[in-house]
Amino acid sequence: MRSYVQGPASVGESSQLPLWRRAETIDLVYVGYGLLVVALVLASYLLGALGWLPHDPQAMNVGLINAAPFTPGHLLGTDFLGRDLQARLILGIQAYFLPGLLAITISVVAGSVLGILAGYRGGWSDTIITYFDNLLDSFPRLVLILLVIASFKPDIYYVMVVVGITGMPVIANLIAGKIAFLRQTNFIEAAHALGLPAHTVILKHILWFNCRAALVIQATLGMAEAILVETSLSYLGFGVQEPTPSWGNMVQAGANYFLQGNFWPSTAPALAILATILGFQLLGDGLNNLLEGKRGK
Amino acid sequence: MDAPLLAIENLRTYFYSRARRAFIRSVDGVSLHVAPGETLGIVGESGSGKSVTALSAAGLVSAAPGVIGGRIELRSRQARRNLLDGLERYVRVKERDGRITAVEKDDRGWRRRAETLMEGVRGKEIAMIFQNPRSALNPYSTIGAQLVETIRLHTSVKGEGEARERAIHWLERVRIDSPRLRFDNFPFGMSGGMCQRAMIAMALSAEPSLLIADEPTTGLDATIQSRIVDLLAQLKIETGITTLLISHDISVIQRLADRIAVMYGGTVVETGRAAEVLAPQAQVRHPYTAALLASVPSPETIRRKSYLQAIEGEVLDTIEVPRGCRFYGRCNRVTEAIRENCAGLEPPLGEVAPGHKVRCWLYPATGKA
Amino acid sequence: MKFAAVRPVSRVLARELAVTALLLLGVSAVVFAILYLAPGDPLNVLLEGQSPRSELALGMREALGVPRTWYGQYAAWFGKMLQGNFGNSIRTGLPVLPELARVGVNTLYLTLGSLVLTLLIAVPIAVHTAAHGDTAGNTAATIGAYILSAVPVFWFGYIVVYVFIHKFGMFPLISGTATKQAQAWLYFLVPIFVLGTASGTLSEVIRHLREELSRVLAEDYIRTARAKGAPVWRHAFKEGFLIPVTEIVSAKIPFLLGGAVIVEQVFNWPGMGRMAWQAAQDRDYPVIMGIALVAAAFVRLGNLLQRVVFTAVNPRASKE
Amino acid sequence: MKLIATIAVLTLCLSAQAAPKSDGRPDGGVLNYSEYGRTATLDPITSNETISLRITELVFNGLVGIDEKQEIVPELAERWEASKDARVYTFFLRKDVKWHPREGEEARPFSADDVVFTYNIMMHPKTITPLKVRYEFIEKIEKTGDYTVVCTLKRPILNALAKFSFKIIPRHGPTNSQFLTREDPFVRNPIGTGPYMLKTVTGDGEVVLLANPDYFKGRAHIDKFIAKPFADQNIMAQALMFNAVDMIVLVNPRNLPEVQGDKRFVLQPYNALSYSFFGYNVRNPLLADRRVREAIALAVNRQEMLDSFFNGQGTVISGPFAPGSWAYNLDVKPLPFSPERSRALLAEAGFKPGADGIMEKGGQKLALSLKVPIEKESEAVKRVVLAFQNYLKSVGVAIKVEFKEWQAWKEDVFLEHNFDVMFASWVFDDSADISSLFHSAEIGSWKNNFGGYSNPEVDGLIVESKLTLDHEKRRTINRKLHAILADEQPYAFLWTLTNYSAYHRKLRRVQIHPYKFFSFADEWFIPASEQK
């Protein structure tokens, strides 16, 4: 049962309702939750960076290992070394923050450049770039990262560089596809006809107006993927190394006690990962619906 | 006049603009009827609600809230029923001084109800052809396959070979060149005109009682347009099919329509036999119809080499519907006597002559609207 | 709906195989570069625990037939690879290719199984959302799927193992051929269930299918189909379902192969993923090269499938 | 381990035909045991992982064996004679031993040629094996008769006899009779003389061994051994709890409470002769000062770590010997845990706490890099290392923990010596030979004295202990060495862990060799009622 109410029709033709009043409620909820998660991530990053933590994340209380939540002094309990989980959870995002941003910038910037080259210039640059994209896509993601780390250094920045590079093809294809679509509607010829210089056409019209929504969405997904990849690597021992906390290595450390019935040490960071990635996914979806217009129906 | 094949009474189809939190009153109380074998031409500027009326008749309106009131009586050989029967059970409407202010509609419920109502009607009794034919055909299957599908769906012909022959027969009737070859062509390989012919063949191959043609010639270039119009005229004679023709191009309407309905702002402002409505110097004519005719080159205007008059002002914004006559803002024949009425009160669709109705205070109704 | 003429499909096959060959070459070059640039010496795994006076190390290099210069090594490896000899694993001495074939089948089984499961979950949600818009049901399902694809794979694996043990009282580990456990087939499904749901690809598969199907359902020819009273599904199937599914499948195989590495560890599944991890640790470069190539072949196979389906279905493509 | 100078030999086992053991215990049953990780090669020469060594223990025999009381017992050699100057040993081999039969082939007899073949192939330059270093003291081995072998040593060494427990492989085994590489099929499908014959290695790495009916010590009781590889220790533990496997070779400390609580299982301790330590790189001037090293050792509370990380299963040690062994000097007490003495020592060494609380001397901060190898599920190592860092922070010593991938770690420590502190544990074979750890000659790439510790007095004592043949004299030398090293602290000696194996109660008479594990496996048996 859907209801529609006729508001005061006085709103003029030009002054459309602001975006958030117009959007479907579900999209608002998505974007709202997404932004909440981003805010929390930023906050915990700042808290971690400035060191305002309830406990010293490194302080060990060897007598109090894997304590349950709400034990006195430790709101969320302690990990396998008796360190405060709450402090480490707040700090845990820090491991992803800068490396994650690095991964995103690589894939978005480099991806856009490749996409533009392939889509706009076409010709031989297109074939080379599609070859390069296919090459990167041919690697099983985790195996390539594993190879780089085992050969070089288990460092989160190495991981994120590889995640960034392997994220380029998706964005390159996306932009090349968009350009092909715009060319079909001879949008680009029209822009040229107006005598707009190439860079404004590319940067302003293609990238900013047409692709910004897709790029933002890819960025949010990129961050989500960066976190998941690091968690998997932690299981293999190649994630962020102790004593620096990261949600990934916390889940791994906690998981050792999971099958013995002690769920909490791995569940807490896993829920943190889950909530954050869900936030990124929903933010991506919500923005997509708002910026790219209504769903197909 | 014998009983109409299709009778639309007080049809209302609204849409909802989230941007302005208001109803778009595309079809705001339209009543029309089409007699068997007759071609009713609906003409009007774009945005006057003519296409929405057609889509509502065929039950193809999917946007929200869609059809919210009225009756569509279909009396064809196989089906005699009101296509909006029981609509009121799914729609609750709140009115305030004659104007709908809120609508509550059970979309899912009505859609299921409409499907049962349309059983054996959509595609069988009522067939439709659309504006840009090339995108209206399924690009992933051949013309022949799409034709065969309709034939096997809606006619007694079930056998593969038989259906194929029937399809080729129809391609011949729509005068497609080398139909046996075209049978295996894909839409993208054919011209707009060719596609439209295929669309027409596909529609008619179901042997429908009523053909709804929604802007069939728009989007085609001029020479092709006239050939398609000739084809439609030809088929009308050959099959005697009842047609609901929608077009903003008066010359197409002149050429094909037996009766005409002029729509403006979601309502019918004038309806009558083609000869009467389009007669060059008819005394009784709705100002909008006059303006429309004046903006189209006719042999007479060419002879007088007079300038064509454009109708000033914009098309009516069907969200802020004025109280009085919808054309009042752009009408140039308002006299002092009727100005007060024109501004404040919507004129009824009065009968000024047998079968000829006009919705204008210049011609106060002799009979009931 | 008869497929377009076979000739264009064969043309695509030929072109695709050529591209695949080039790509595999590229993959091997990239992997070799990584291994070569890496500090440390792959042979150290053997030198462990004994002091390799230079002549012993040299002795070993000949034993393994390791030429001096890097391009020499690559050329030697490439030459042998062409005759199907992928060299022998440094750690186990086994020839790489037969080992990969035996082990690759398990991973193929796991990957395809989980791919099918991912589609079984994603397709209904995507189709329902595209067809009926956001109802409470499919929004909840979509969010549920997003949650599932945000879960760390091995943690989810542990949950499943725990549930299996304590709720069903069965141990979800396939035993080797040595001892046959009763419901062996059931144990085959558990890793597939875990990788199928929690491989992190579920959300993107749903999003892609939903967007494509919604776009197609808004096309003109679907409105014609409804006007014709023809079943919408028959018309929307090709462009709205078949092509997007093959697209997303071929795009997601690399991620599934990645996920397989983890699931194979948790469930003791004798697959290529586990071998890749061991080889990466030991820097067993013949095995790493072999795995990279076989995995790349998997991915290209998926891509080939997608290209073939696209060409066969899309008349315009086959006419190019 | 008493050195038997004279030829007195107990010919325990008669050379009768290999009959079933006459100890009245039932034969039959299957033992599924689990291993963490997978075997690479299954022959005694090329394999260098404990997993493979355990299997070769079942499949092969050495000239001599070691019983539960660490005594040397005859195995393939019935008796032996040593020359006066202890440089020539003559072994008289059993005549009734047969090699495991290959499909369709008759079982071939074991003879002296096999022993000579094994030695030669082991020492061939192209054979890649960790055994070369250990048997470099042998000059040559010759056959003087079909069943007699004479070994000449380069120099007399103490309990040389114990070293002759290396496994003998058949001369008709490897395809290439010159040298053995990992490509040789023998490596994956070996035949030996031991109580169990290798049947198959399944697709997923499971090794299936069947009892050898003609075993010269009598057929082993349990019919079939199956080694199941696991890639995840948590899953392995649950596999035991749910009877998917009957035995776990090494129970991870974190699973001990769970297994202890369940009376279906027996937790059997066995002290693998090994000890854990933090090794210092004394090339670093800061660590060259003995007082700094002692201060570090004092600051670490080893007992607390033992209790909380390993359920107290282990003993703190003060020197480089396993407590159980004869060489351990019980009078040398491990350093106590006293941060105050540690700070005092640091002050005495001239360190003053800097602004950030870290000790400084002449502008140089006492900040050390600790390099640790990454192992999957090396959670116990992580706990010790991080606790170490935590303890030292409280006395003002900054430790930067660096986890390095296994190969990279070995290269850093053993090749480039690019580290300040490292963490590891030494695992002995049966002799307490610490020469390779602390002798100054053993400094160099890939050498075991990675810390670069050299002390002429220690060098002298080590050489002297290696040369003396008198056991008592050697004991006093080692005890002296123990005292000096405890004082010099080249390592911060931590503890020796009690390893635990867990097995289902149905397994009886389970004796576990501290290092080779399965040495007495042929004695194990499963009661008929439980042999499902």
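**Figure 1. Overall make-up of chain B in the predicted model.** Chain B contains 13 helices and 14 strands; helices (H or I, at least four residues) and strands (E, at least two) are DSSP runs numbered from the N terminus. The radius of gyration of chain B is 21 Å, close to the 21 Å that the globule rule gives for 369 residues, so chain B is as compact as a globular protein of that length. The radius is taken over C-alpha atoms, and the rule is 2.2 Å times the number of residues to the power 0.38. The C-alpha trace spans about 70 × 55 × 45 Å along its principal axes. Of the 369 residues, 47% are buried. A residue is buried if 20 or more other C-beta atoms lie within 10 Å of its own, exposed if 12 or fewer, and partly exposed in between, with C-beta atoms placed from the backbone. This is a predicted model, in which local features need pLDDT of at least 70 and side-chain atom pairs count only at pLDDT 80 or more, while totals for chains, interfaces and linings use all residues. Residues are numbered from 1 along each chain as its sequence is written, and chains are lettered from A and ligands numbered from 1 in the order in which they are written.

**Figure 2. The helices of chain C.** The secondary structure of chain C comprises 14 helices and zero strands. Of its 320 residues, 48% are buried. Among contacts in chain C with a separation of 6 or more, 74% involve residues 24 or more positions apart; two residues are in contact if their C-beta atoms, placed from the backbone, lie within 7 Å.

**Figure 3. Interface of chain C with chain A.** Here 48 residues of chain C are in contact with 38 residues of chain A. Elements giving two or more residues to the chain C side include α1 (6-37), α6 (136-148), α11 (232-266) and α13 (285-313) of chain C. This side has 35 nonpolar, eight polar and five charged residues. Ala, Val, Leu, Ile, Met, Phe, Trp, Tyr, Cys and Pro count as nonpolar, Asp, Glu, Lys and Arg as charged, and the others, Gly among them, as polar.

**Figure 4. Helix α6 of chain C.** The 13 residues of α6(C) should span 18 Å at 1.5 Å a residue, and the end C-alpha atoms are 18 Å apart, which agrees; the expected span is 1.5 Å times one less than the number of residues. Buried residues in α6(C) are C:N138, C:T142, C:A145 and C:Y146. Seen down the axis of α6(C), the buried residues fall within an arc of 100°, so they line one face of the helix. The face turned away from this buried side carries the exposed residues C:A136, C:G137 and C:A140. Cover for the buried residues includes α11 (264-291) of chain A, together with α5 (96-132) and α9 of chain C.

**Figure 5. Interface of chain D with chain A.** In this view, 20 residues of chain D are in contact with 19 residues of chain A. Helix α11(D) gives the largest share of the chain D side, seven residues. By class, this side has six nonpolar, five polar and nine charged residues.

**Figure 6. Seven-stranded sheet of chain D**. The open sheet has the order β8-β9-β10-β1-β11-β22-β12, with mixed pairing; two strands pair if DSSP finds at least two bridges between them. Strands β8 (196-201) and β12 (265-270) of chain D stand at the edges, each with a single partner strand, so one side of each is left without a neighbour in the sheet. Strands β1 (residues 30-36) and β10 (residues 224-230) of chain D run parallel and are joined by seven bridges. D:Y36 stands opposite D:F230 in β10(D).

Definitions and conventions: The arc is that of the directions from the helix axis to the C-beta atoms.
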